[in-house]
Amino acid sequence: MRTIITTVFLSLFLFSCAGVQVTSDYDSKADFTRYKTFAFLKEGVDKAEVSDLDKKRILRSIEEEMVKKGYTLSEQPDVFVNFFTRERERQDIYQSVGIGWGWGPIWGSTVQVAPTTTEGILFIDIINAQGKDLIWQGKGAGLLSESRNKDEQIRLFVSEILKQYPPDLKAEQAKK
């Protein structure tokens with residue numbers, strides 16, 4: 001019985017972590033309403049430590065999301081978009097405590113080690129083209145799955161990160 005409960009808990013935990021955890025930060029002095037065009041920062045994209053195929057997938061996904069937001073790809077952009085990636089191996093360990101009854105109360109605990117997983121992190125930077133200063137950065141972290149379509153995984157990461165761009169300044173001011 002304890003094994004079933006532990007398995008269910010472990011499955012629910014892994015399922016709940018399967019999404020992308022997103023954070024973002026921005027320059028509160030930047031006027032995001034005046035930015036209408038974008039281009040990719042070639043020298044930054046060239047340095048990204050990811051395969052050429054994944055680089056193309058990321059660039060396509062970012063372009064799709066920016067166009068959905070009303071931006072136009074331009075040779076003389078208002079903002080540059082850059083990205084970089086990180087990857088790390090992750091090992092989760094879970095401990096559970098159980099109570100049973102036999103000849104008296106029985107306490108026990110079990111330790112379960114989940115299989116090693118790979119966590120991917122994608123950073124997307126928005127840079128003011130005039131001053132070349134960073135005005136927004138989004139970060140998405142999540143588990144990478146070998147069984148899941150790479151195009152789908154990358155599209156999910158990019159769309160979740162760019163949901164926070166541009167920042168909702170009215171909501172931020174209302175919080176203060």
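D54, R57, I58, R60, S61, I62, E64, E65 and M66 of α3 touch K150, D151, I154, R155, V158, S159 and L162 of α4, where contact means heavy atoms within 4.5 Å. Helices (H or I, at least four residues) and strands (E, at least two) are DSSP runs, numbered from the N terminus. This is a predicted model: local features need pLDDT of at least 70 and side-chain atom pairs pLDDT 80 or more, while totals for chains, interfaces and linings use all residues. Residues are numbered from 1 along each chain as its sequence is written, and side-chain values use heavy atoms, leaving out hydrogens and water.

The axes of α3 and α4 (lines fitted to C-alpha atoms over the stretch in contact, with angles from 0 to 180 degrees between N-to-C directions) come within 9 Å and cross at roughly 40°. That makes the two helices oblique, therefore: under 35 degrees is roughly parallel, over 145 roughly antiparallel, 65 to 115 roughly perpendicular, and the rest oblique.

| Class | Residues in the contact of α3 with α4 |
|---|---|
| nonpolar | 6 residues |
| polar | 2 residues |

Now for the backbone. The Y165 to P166 peptide bond is cis, with omega near -10°, and P166 sits in the loop between α4 and α5 (169-175). K132 isn't a glycine, yet has a positive phi of about 55°; its place is the loop between β7 and β8 (134-144).

Note on methods. Nonpolar A, V, L, I, M, F, W, Y, C, P; charged D, E, K, R; others polar.
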